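Biologist: I want to see how labels follow from cut-offs. Show me the model, then start with a definition.

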Amino acid sequence: MPEHSDGGPIGPVDASLVPRYGGAPTFARLPRLDQVDHADVALLGVPFDSGVSYRPGARFGPGHIRQSSRLLRPFDPALRAEPFAEQQVVDAGDVVCNPFDIKAAIDSVHDAARDLLARGTRVVALGGDHTIALGMLRAMAGHHGPVAVLHFDAHLDTWETYFGEPYTHGTPFRRAAEEGLLDERRCAHVGIRGPLYSALDLEKDEQLGFRVFSADDVEAHGAANVARGVRERLGGGPVYISIDIDVLDPAHAPGTGTPEIGGLSSRELQVILRALAGLRIVGADVVEVSPAYDHAEISGIAAANVAYTLLSLLAVGSRPAG
Ligand SMILES: N=C(N)NCCCC(=O)O
Ligand SMILES: [Zn+2]
Ligand SMILES: [Zn+2]
C-alpha cells in the first residue's frame, strides 16, 4: 500500500523502503483511484491502437509507460514542485476500449474522462494512439466549453480521412474542430516536420485555427523562444495538452508508430513544457508509445517523465495565487 503522509495526499510507495522494481504496477507506484476518498488528478490508461496508419502496438503503451515510471522521484527541481504531495494523484486503471469499433472506443474514453471531471478529478490519459484525443477533447469541452489545444507532434493530425474513415490517429483534431470543441483563436502545434500529402495540408490546418511552431522553428529560435510564442498564443483560458511521443526525434523515442527524423530532443520538449507553468491546464494526454519498437525503455522513460512534468504543471497551476 502506498504511503500516507500525515493526512495529506497518499503518495507513491517510498523507494527507500520498497525496491522500485517491485510493488504495485500503477503509474509511479501511486495509489489506485479506489484507494482514495478524492483524487485531484488521475492517470488514465487507454490501451487502444485501432486508429493507426502504420506500425501498431500503442495499445501496449499504458503498461509500458507505467513500468517506465518506477524511477520517478517525489520532488521536481525544475518546477520546484512536489506533484504527488501538493495534490492527490492516482492511477485510474485502463479504459475498456473496443478494439473493433473505433467510434465506440472514443465514446468509452469520453465517458471515463467525463465521469472523472464530474468528480473534480483532472485527467492525464496515457495512450494508446492519437485517436483517443478526440474522446478526451469531447469530455474537456463538455465540462469547460471550447478549449485551446497545445499539440506536440511531428504530424498535424488534422487530415480529413484515411480509407474514407473519419476516426483515425491522423484526424482527431479536424474532427474536434468540426465538433466545435476547440477555441480556434488559441490552438497550436509544436514540433511539426516531415513530408506532407500536399501544400494544402498546412493551409487547411491554419483554417481550423492552428498555429504551427515547427521543429525547424525550435532549431532556429531555440526552445525557450518558441515557448514564449506558444504561451502568447495560448493566452489565459483553458488549455488541453496533447503530446504525441513522436514529437521527439526517433533517437529520443524510437518506440512509436510513425517516426519522423529531425525531431525535438527530450531536453527541448522539457524546456517548452516547463515554460508553461501557470497556464490553466484542464487535461492532457501522452500518446503513440509503441513498446515493441522501443529499445532500453527510451520512449517509455521519456513518456513517463513527460507525464511527470504534466503533473508538476498541474500542481503549480492549482496553487493559490500570490
Ligand atoms: N498521430 C500520429 N502519430 N501519426 C499520424 C500519421 C498519419 C499518417 O500516417 O499520415
Ligand atoms: Zn505523430
Ligand atoms: Zn499524433
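Modeller: Two residues are in contact if their C-beta atoms, placed from the backbone, lie within 7 Å. This is a predicted model: local features need pLDDT of at least 70, side-chain atom pairs count only at pLDDT 80 or more, and totals for chains, interfaces and linings use all residues. Residues are numbered from 1 along each chain as its sequence is written, and chains are lettered from A and ligands numbered from 1 in the order in which they are written.

Biologist: Which residues is H155 in contact with, leaving aside neighbours within four places in sequence?

Modeller: G170, D244 and T258.

Biologist: Why does H155 count as buried?

Modeller: Buried means 20 or more other C-beta atoms within 10 Å of a residue's own; exposed means 12 or fewer, and partly exposed is in between. H155 has 25 C-beta neighbours inside 10 Å, so H155 counts as buried.

Biologist: What makes D153 buried?

Modeller: D153 has 25 other C-beta atoms within 10 Å, so D153 is buried. D153 also touches H189, G191, I192, D244, D246 and V247, not counting residues up to four places away in sequence.

Biologist: Which residues does the UniProt annotation "binding site" cover?

Modeller: The unreviewed entry lists H130, D153, H155, D157, D244 and D246. Such annotations may be inferred rather than shown by experiment.

Biologist: How do you know that they gather at one spot?

Modeller: They span 117 residues in sequence, but no two of their C-alpha atoms are more than 12.1 Å apart, so they gather at one spot.
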